[in-house]
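Welcome! Have the structure open as you read.

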Amino acid sequence: MAKTADLTVVQKTIIDTLHKGGKPQIFIASEAGCSQSAVSKHVNRKLSGRKKCGRKRCTTSRENRSLERLVKQNRIKNLGELHKEWTEVKESRATTHRRVKEFGYSCHIPLVKPLLNHRQRQRRLTWAKEKKKWTVVQWSKVLFSDESKFCISLETKVLESGERVEKLIAKVAIVSNSPDLNPIENLWGIVKREMRNKRPKNADELKATVKETWSSIPPQHCRRLITSMPRCIDALIKAKGAPTKY
């Protein structure tokens, strides 16, 4: 005879129907093809309103509301930042991820490739063809510059521009829609990764931290980026002006 845990959906339906009709448990067990004890346990479990078994939630409603406020205050924060700022609890990063999803939010990686129209692609392609025969020595004499945004909060924003390393001998114009053609973009990426665990308290500390992190990048890495420029130009020509992996 079937036990309570082994009852099928059909058997449970028969038990529920006959029980509502006032039939005795012996009769119900015979009709459902199970033991009387299985019928009794199934009926009593439903009457007692017993909830499903499972692990108790490790966060309270108040703690969840605190996390939701953090998400709403700054929608551009990544999961790691939210996890560190959710100081009310000391749960795992996975818990933070689950709660954020429960709030109806999704984690997405920002687009790193610009959307280019036909005219912009043609300008990029023309520029690449003009520089196709440039050597690494020529590229090493170019001043690359760029800006990047660093934030303490939504109210505090600081812009730092790239500093000159080599003497400016040739100036090469690169359109604003081409971060893949500017090696400084890679350097900004390094700086931001290194600063993930640093928490400057004000704008002055933020500026000092950015400069210190920038200065710590070894010259060899800068030379590798310059050496990659001919390959970058070739990739751009093959892509016919479209974005490249660089």
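A residue counts as exposed when its relative accessible area is over 50%, as buried when that area is under 20%, and as partly exposed in between. Glu130 has a relative accessible area of 52%, so Glu130 is exposed. Please keep in mind that this is a predicted model.

**Salt bridges**

- The count of salt bridges comes to four.
- Side chains of opposite charge can pair when their charged atoms come close.
- Glu130 forms a salt bridge with Lys131, at 3.6 Å from N to O. Lys131 counts as buried, with 12% relative accessibility.
- Lys132 and Asp234 also meet through their side chains in a salt bridge, at 3.5 Å from N to O. This pair links distant parts of the chain, 102 residues apart: Lys132 sits in the loop between helices H7 (118-130) and H8 (136-139), and Asp234 in helix H12. Lys132 is partly exposed at 49%, and Asp234 is partly exposed at 33%.
- Within helix H4 (residues 61-73), Glu68 and Lys72 lie four residues apart, about one turn of the helix. Their salt bridge has its closest N and O atoms 3.8 Å apart. Glu68 is partly exposed at 24%, while Lys72 is exposed at 52%.

**Where two helices meet**

- Helix H11 (residues 219-227) packs with helix H12 (residues 229-238) at an angle of about 35°, and their axes are 5 Å apart.
- On the H11 side the contact involves Leu225, Ile226 and Thr227, which meet Met229, Pro230 and Arg231 in H12. Four of the residues in this contact are nonpolar, one is polar and one is charged.

Note on methods
Residues are numbered from 1 along each chain as its sequence is written. This is a predicted model: local features need pLDDT of at least 70, side-chain atom pairs count only at pLDDT 80 or more; totals for chains, interfaces and linings use all residues. Side-chain values use heavy atoms; hydrogens and water are left out. Axes are lines fitted to C-alpha atoms, for helices over the stretch in contact, and angles run from 0 to 180 degrees between N-to-C directions. Contact means heavy atoms within 4.5 Å. Ala, Val, Leu, Ile, Met, Phe, Trp, Tyr, Cys and Pro count as nonpolar, Asp, Glu, Lys and Arg as charged, and the others, Gly among them, as polar. Buried means under 20% relative accessible area, exposed over 50%, partly exposed in between (1.4 Å probe, protein chains only).
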